[in-house]
Amino acid sequence: MLTDPPIEGRQGLGRRDFLKRSAAAAVALSTGPRPQPPTVDASRVNAILADFRRFGGTGDGGTTRLAYSDEDLAGRDYAAGLMRRAGLEVSTDLAGNLIGRRPGTDPAALPIITGSHMDSVPSGGSYDGQVGSAAAFEVALTLADHDIALRHPLEVIIFQNEEGGKTGSRALVGRVYPFELDIVTASGHSIRDGIARLGGDPARLAEARRDPGSMAGFLELHIEQGALLEAGGIEIGVVEGIVGIRRWNVTVRGAQNHAGTTPMPLRRDALVAAADFVRAANEVATTMPGRQVATVGRIEAVPGAPNVVPGEVRATLEIRDLAMTKIDRVFAEIEARARAIEAGREVTVAFEQFYESLAAPTDSRFRDIVEASAAALGYSRTRMPSGAGHDAQSMAELGPVGMIFVPSRGGISHSPDEYTAPGDIARGANVLLRSVLALDGGG
């Protein structure tokens, strides 16, 4: 058992002191005599992950467990049972997030939070979000197995509707807007009805918001969803930051007309203009220096008949980068290209932003702790960015965050072919456990 540090008064430590001590704890992991932390039960964490497939698992090895679906509710019931088995106090907050809490020995200490999500995309994989959730349960179970008392409270959170826009974690920072509640999700339930199905209260959603500075820190384990770790033969990714995301609805309007009687030079074809726009977005993102990406992921021609020149096209545009200012620059260039398309094709192109997730650098001291934890266990590691969005992105508005990546086979994600080896899952869970103990020992 790790020795709890002395309690400094009834107010506990401030964030600056907490982070200083956390950095010292990171160094202490790999230098000098110390009690050896336990390791996770590798068989158990992988068995928990396999059990998740009882709720929405598909014959091809994937999982369809859509947010707010019956499978989602059943999976959350199973998760609540795991929380209770680990001695956590289980509750559902007003946003519908499932929370397991274990008190700390210092009533004034802020909570250390870990967790992820369990919902999937349609015809998705069985690892995205689920590995981090299983590892968070395993950390709590290991602490219970070894009767390890933490100074800080420990919270394990299963965030709701991550795949539909991180609704649960964004609610904790007050970034779910009223219009979103009427959005119908892939399960057929609106977000409003879905929150109620999970045991939350959409009418009181604002009360789910937590204050900045209300946590000691948040750690999330996740599969990489890329192939950099696998290609390099590296076991652990220390995440440097999570990309920001902005999304727009794009509407191109031309003139609907008869496909047989409208000469080509007289057409104001919205779909042809939209094709120019798709190409322009790709060219801007490709030619501008940096790691930014831009995607037109959905497109629909109206009226959509084979003998009608489309008069309107509805599409989406998404831009991601580690800096929100870079997203601004990419969008400005794409918008300028759209104005040129308007003039050349005699159409109009309108943009309506409907989603934003702020870029979130991880805390430098938390990176040190994760890296030191991996080193102490003898795991190879590297620092890297995250090109996908995660719940840690929202939690960064509440306090310092860290993320741990484990390899994804072939970089495949959001597919039944998504796969992370059992040994990699156990290694990630061990790094998570060590990091939680280091954070607790640091303040």
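This is a predicted model: local features need pLDDT of at least 70, side-chain atom pairs count only at pLDDT 80 or more; totals for chains, interfaces and linings use all residues.
**Stop 1**

Start with the salt bridges, of which the structure holds 27. Side chains of opposite charge can pair when their charged atoms come close. Select Arg 44 and Glu 138 and show their side chains. They meet in a salt bridge, with 2.7 Å from N to O. Arg 44 belongs to helix α2 (residues 42-52) and Glu 138 to helix α4 (residues 130-145), so this pair ties together parts that lie 94 residues apart in sequence. Are these two residues buried or exposed? Both Arg 44 and Glu 138 are buried.

**Stop 2: two strands**

Next, select Glu 318 and Arg 247. Their closest N and O atoms are 2.6 Å apart, and the two residues form a salt bridge. Glu 318 sits in strand β12 (residues 312-321), while Arg 247 sits in strand β7 (residues 244-253), so the pair links parts 71 residues apart in sequence. Glu 318 has a relative accessible area of 16% and is buried, because buried means under 20%. Arg 247, with a relative accessible area of 23%, is partly exposed.

**Stop 3: one helix**

Now select Asp 424 and Arg 427. This salt bridge has its closest N and O atoms 3.0 Å apart. Both residues lie in helix α12 (residues 422-441), three residues apart, which means that about one helical turn separates them. Asp 424 is buried, at 13% relative accessibility. Arg 427 is partly exposed, with a relative accessible area of 23%.

Salt bridges with shared partners join Arg 44, Glu 138 and Asp 145 into one network.

**Stop 4: the largest cavity**

How many cavities of 30 Å³ or more does a search of the whole structure find? The search finds three. The largest cavity holds about 60 Å³ of space.

To see what surrounds this cavity, select Arg 170, Arg 175, Glu 356, Ser 357, Leu 358, Gln 393, Ser 394 and Glu 397, the residues that line it. Color the elements β13 (348-357) and α11 (391-395) as well; each supplies at least two residues of the lining. Finally, color the lining residues by type. Four are charged, three are polar and one is nonpolar.

Notes
Residues are numbered from 1 along each chain as its sequence is written. Side-chain values use heavy atoms; hydrogens and water are left out. On a 1 Å grid over the protein atoms alone, a cavity is a set of points where a 1.4 Å probe fits but cannot get out, and a pocket is an open set with protein on both sides within 12 Å along at least five of seven lines; lining residues have an atom within 4 Å of a point. Grid points are joined across faces, edges and corners, and a volume is the space filled by probe spheres set on the points. Helices (H or I, at least four residues) and strands (E, at least two) are DSSP runs, numbered from the N terminus. Ala, Val, Leu, Ile, Met, Phe, Trp, Tyr, Cys and Pro count as nonpolar, Asp, Glu, Lys and Arg as charged, and the others, Gly among them, as polar. A salt bridge is a side-chain nitrogen of Lys or Arg within 4 Å of a carboxyl oxygen of Asp or Glu. Buried means under 20% relative accessible area, exposed over 50%, partly exposed in between (1.4 Å probe, protein chains only).
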